[in-house]
Amino acid sequence: QRDMVGRLLAAIRGAGLRPEGVDLSAFALIRSLYRHDPEHDGRVLYLNVDGLTNMAIAEGAVCRFTRVVGGGLEAMASQLAERLSMPVADARTMIAAADLTVLDAVEGDVRTVLENGIREIAGEVRNSLDFHRSQEGGGEVALVVLSGAALDVPGFADALQAELGVAVTRETVGIADGALGGAPVSAQRLAIAAGLAVEETGR
């Protein structure tokens, strides 16, 4: 939206900087995760589930639709913290340690919050797919490419696929050894950052 972008540009200029371009997380997601193969050349939904959930529908490397969904791991952590009357930081740790592939390995409240969160994200995605399908030039999405911190939760992708009824694949960016300088950052969380660092899709 023009007003939102205008406020950001005003803040940048007020800091004495000269903006040279405007980019979107959705475009960055496509640039970093698009692959030049038949599977990715059709209509693909790129879904980055982190603190928030960013989604982008692309045809090849061209973005056709984008939306930010409020639900994400941060919302799940907040809900868990409220249920268990604990700090949000501790709730984040519990969610990160969860394993949805083993039925009895996840403590009841954690499993409930994760399953409800995945169901909520899937509902938002379905609504967006229905809207996109109804628009001129819209179409069916045959593949969901999942990235973000959600990939650190075993079973998340499978649970999302079961909710959506569409194939979900896991994608991350390649990180050279030592590129993070020993920083405790999951490579799963770098898809958008990597896309913002380049101007074109990978070859």
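The side chains of arginine 133 and glutamate 140 meet in a salt bridge with an N to O distance of 2.7 Å, a salt bridge being a side-chain nitrogen of Lys or Arg within 4 Å of a carboxyl oxygen of Asp or Glu. This is a predicted model, in which local features need pLDDT of at least 70 and side-chain atom pairs count only at pLDDT 80 or more, while totals for chains, interfaces and linings use all residues. Residues are numbered from 1 along each chain as its sequence is written, and side-chain values use heavy atoms, with hydrogens and water left out.

**Salt bridges**

- The structure holds 12 salt bridges, and arginine 133 takes part in another of them with aspartate 130, again at 2.7 Å from N to O.
- Arginine 133 and aspartate 130 are 3 residues apart in helix α6, which means that about one helical turn separates them; helices (H or I, at least four residues) and strands (E, at least two) are DSSP runs, numbered from the N terminus.
- An α-helix has 3.6 residues a turn, so residues three or four places apart point the same way.
- Arginine 133 is partly exposed at 34% relative accessibility, as is aspartate 130 at 43%, whereas glutamate 140 counts as exposed at 54%; here buried means under 20% relative accessible area, exposed over 50%, and partly exposed in between, with a 1.4 Å probe and protein chains only.
- Glutamate 59 forms a salt bridge with arginine 64, with 3.2 Å between the closest N and O atoms, and Arg43, Glu59 and Arg64 are linked in a network of salt bridges.
- Glutamate 59 is partly exposed at 33% relative accessibility, and arginine 64 is likewise partly exposed, with a relative accessible area of 46%.

- Strand β2 (residues 53-59) and strand β3 (residues 62-69) pair in the antiparallel sense over 7 bridges, where two strands count as paired if DSSP finds at least two bridges between them.
- Within this pairing, alanine 56 has threonine 66 in β3 as its bridge partner.
- The two strands form a hairpin with 2 residues between them, and glycine 60 in the turn has a positive phi of about 65 degrees.

- Helix α4 (residues 73-84) has 12 residues and reaches 16 Å from its first C-alpha to its last, close to the 16 Å expected at 1.5 Å a residue; the expected span is 1.5 Å times one less than the number of residues.
- The buried residues of α4 are Leu73, Met76, Ala77, Leu80 and Ala81.
- Seen down the axis of α4, these buried residues fall within an arc of 135 degrees, so they line one face of the helix; the arc is that of the directions from the helix axis to the C-beta atoms.
- They pack against β1 (43-49), α5 (88-96), α6 (108-134) and α7 (156-164), with contact meaning heavy atoms within 4.5 Å.
- Serine 85 lies in the loop between α4 and α5 and has a positive phi of about 50 degrees although it is not a glycine.
- Serine 85 is exposed, with a relative accessible area of 71%.

- Arginine 31 has its place in helix α2 (residues 25-33) and is buried, with a relative accessible area of 13%.
- The side chain of arginine 31 makes a polar contact at 2.4 Å with the side chain of aspartate 23; a polar contact is a pair of N or O atoms within 3.5 Å, where within protein one must be able to donate a hydrogen and the other to accept it, and residues adjacent in sequence count only if both atoms are side-chain atoms.
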